[in-house]
Each structure stands twice: as structure tokens, then as C-alpha cells.
Amino acid sequence: MASSSVGSRLVACLLNISEARRVDVVQTVAKAAVYNSQGVRREGTTVLNIFIDHDYNRSVLTVVSSVESIRESVLSACKEACTLIDMRTHAGVHPCMGAVDLIPIYPLGEEVGVQDCAAEARAVAEGLTERVLGTSAFLFGWADSPLQRGLAQRRKEMGWFRKTTDLQGVRPDMGPRPQTRYGLTGVGASPYVMNCNVTVDTQDLAIGRNIATAIRESTPDGLPGVQVLALPHEGTVEIACNVESVKGSPPTHMSSDEPWPSFSISGHMYFHTPASLITARVTELARRQGVDTKGTALVGFTPRECRGLAELALSQGIAAFWKERHGLRM
């Protein structure tokens with residue numbers, strides 16, 4: 001692919017699947033996104049990264065292509081995931097409802113609007129329920145027209161946060177009532193959402209929940225755009241954050257060791273709370289309770305990093321970029 005054509009109308013899908021302990025399955029799903037059933041590479045599509053978490057039994061695949069191509073790439077990966085993952089035997093500490101748990105689609109530049117991504121998200125949800133009979137989907141963000149309810153609200157409505165979910169009580173937006181084999185898939189679109197996880201060196205989940213409450217956006221003095229859970233993780237507690245894009249300029253009263261990631265969509269500026277600020281706040285709160293932090297993991301990239309790496313991968317014709325970069329991030 002010529003470098004002059006790279007970067008046009010790019011979008012990213014951070015595909016969340018409920019499997020991490022069978023790495024061969026995860027890689028098979030990733031390959032389905034970038035190669036067709038005959039093994040021919042899909043032009044202009046790459047998987048930049050695979051983030052695998054054994055305890056959560058959850059993987060996040062960063063799939064990038066043009067907005068015109070993302071639907072087929074994602075649907076092929078989803079079909080493979082639904083074939084290989086059975087929610088009746090799934091076990092993991094991270095909340096989930098579906099073999100394919102989450103399909104968010106984000107624009108990676110001014111060339112694509114969020115409404116373009118929303119149209120593709122709705123088409124993906126419809127296509128999934130048609131290609132894999134028995135699958136069901138709910139919509140969130142811009143894809144949830146006209147209400148545009150956020151992911152956290154829709155998950156709450158669907159029972160995603162409950163320890164045990166009564167699927168028979170769920171009313172999906174597309175497809176039949178959820179079946180235990182496939183569960184329920186969230187499909188949506190929004191400005192880019194980052195994922196940042198900070199590990200706290202304790203097994204006391206109450207400490208983690210106190211920290212999560214303190215940094216959550218809805219809390220006074222919370223961090224902008226941060227939606228957060230505290231989860232047990234490998235003998236510690238992980239503060240697992242979805243860092244949503246916030247429209248406007250970064251707050252001047254919050255200092256950070258790194259620039260606030262910012263980007264523009266359709267002439268509007270958005271920003272993210274930096275991972276360093278999240279880490280600093282979690283570390284401060286943890287130390288007040290007598291514990292330390294052990295590290296921070298960014299699941300994927302900032303929007304600028306995602307676009308830059310995608311342009312590099314596509315200009316060099318690299319479909320399985322996750323292999324070329326660092327191998328699997330464990």
C-alpha cells in the first residue's frame with residue numbers, strides 16, 4: 001500500500017473478547033480480522049496490538065482500518081470468536097456478558113466523524129446477529145440513537161456489573177434474548193477511549209474500591225472521563241480505568257507530569273486524563289491507606305499513538321503488526 005494513501009479515514013476498534021488463557025484462540029480471532037477465509041490479506045487493515053490478561057480471561061485486540069473496511073474485518077473476527085468461545089464454560093474475575101463482550105469503534109482523525117463510526121457500529125451489531133444466529137447486542141454511545149447513552153449506563157441496564165446475570169431478563173437492541181452460549185455483546189461508537197490499569201499491592205478489595213470511588217469522574221474532585229472498577233488481580237487489586245474522551249480543554253487546576261493527550265474530531269477538541277496523573281492519584285490514595293502501587297499498564301494506545309502506528313503498519317503492508325512490534329503483551 002503506498003504511503004501517500006495511508007491514513008485516510010482510519011478508525012480503530014478495540015475488540016474485547018472473553019478469552020485469554022488459550023492464546024491460540026486469541027491469535028486465531030486476530031488473524032480473522034486481517035485475513036479472509038482463503039488466507040488472503042485484507043488490504044488496509046492491521047491488528048496493532050493484543051493485550052491479554054490471564055486472570056481476567058479477557059483480551060483486547062486493537063484493529064485499525066478505513067471506516068469503509070472495518071465492518072467486514074470486525075465481523076469476521078467476531079464470527080471466529082463466537083465459534084471458539086463458549087460462555088457456558090467461561091471463568092474470569094473481570095465482569096463480562098459475551099463471548100465477544102465489547103465492540104467500540106473510534107475515529108482516528110478529522111477525516112471520519114463519530115456519526116460515521118456509529119453507522120458502522122449499528123451495521124456490525126446487525127451483521128453479527130445475522131451471521132451468528134443466537135447472538136444478541138446492545139448499543140451504546142453515538143450508536144445508541146437518539147439517546148446516546150454511555151457504556152457505563154447501558155452496562156448497568158443490562159446487568160453487566162452483577163455477579164450473576166439473569167439473561168432471560170435482558171432486552172437486547174438487536175437479536176433474540178441472549179443465549180448462554182454466546183451471551184450479550186455491547187456495540188458502540190464514541191471519541192477514543194483509553195484503558196489504563198494501576199496495580200495496588202494489596203489483597204484488600206475494600207481499599208481498591210475506596211480508591212476507585214475517589215478517582216471516578218462522578219465523584220467531586222474525581223478525574224475527568226475516568227470510569228473505574230477495582231478488581232482482584234494476580235494476588236493484588238487492580239484499579240481498572242476506562243478513560244473516556246472529554247470535549248473541551250484540559251482543566252487548569254490539575255497538574256500532570258506529561259501533556260494531556262488531545263485530538264480533534266469534526267472541528268471539536270477532546271482530551272484524555274493522562275495515565276501518569278491517574279497513576280499519581282492512585283499512588284497517593286493507596287499510600288494514605290498504607291499500601292504501595294506496583295505498576296501501570298496502558299491497554300493499547302493514545303489516539304495519536306494508535307494513528308501513528310497504524311500509518312506505519314499500513315505503509316509497510318503489515319497485517320499482524322502485534323507480532324512485529326513486541327509480540328503479545330502479557
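Author: In this predicted model, the largest pocket holds about 870 Å³ of space. On a 1 Å grid over the protein atoms alone, a pocket is an open set of points where a 1.4 Å probe fits, with protein on both sides within 12 Å along at least five of seven lines. Grid points are joined across faces, edges and corners, and the volume is the space filled by probe spheres set on the points. Local features need pLDDT of at least 70 and side-chain atom pairs count only at pLDDT 80 or more, whereas totals for chains, interfaces and linings use all residues. Residues are numbered from 1 along each chain as its sequence is written, and side-chain values use heavy atoms, with hydrogens and water left out.

Reader: How many residues line the second largest pocket, and which element gives the largest share of its lining?

Author: There are 26 lining residues, with P95, C96, R162, K163 and T164 nearest the centre. Two or more residues each come from α5 (205-215) and β8 (226-233), and β8 supplies the largest share, four residues. Helices (H or I, at least four residues) and strands (E, at least two) are DSSP runs, numbered from the N terminus. The volume of this second largest pocket is about 680 Å³.

Reader: How is the packing of two helices described?

Author: One gives the angle between their axes and the distance between the axes. Axes are lines fitted to C-alpha atoms, for helices over the stretch in contact, and angles run from 0 to 180 degrees between N-to-C directions. Here α1 (residues 23-34) and α2 (residues 70-84) pack at about 155°, with their axes 7 Å apart. That angle makes α1 roughly antiparallel to α2 (over 145 degrees). Contact, meaning heavy atoms within 4.5 Å, is made by residues including V25 and A32 of α1 and A77 and L84 of α2.

Reader: Where is the proline of the cis peptide bond from S145 to P146 found?

Author: P146 is found in the loop between β5 (136-141) and α4 (151-158), and omega of that bond is near 5°.

Technical notes:
On a 1 Å grid over the protein atoms alone, a cavity is a set of points where a 1.4 Å probe fits but cannot get out, and a pocket is an open set with protein on both sides within 12 Å along at least five of seven lines; lining residues have an atom within 4 Å of a point. Angles under 35 degrees count as roughly parallel, over 145 as roughly antiparallel, 65 to 115 as roughly perpendicular and the rest as oblique.
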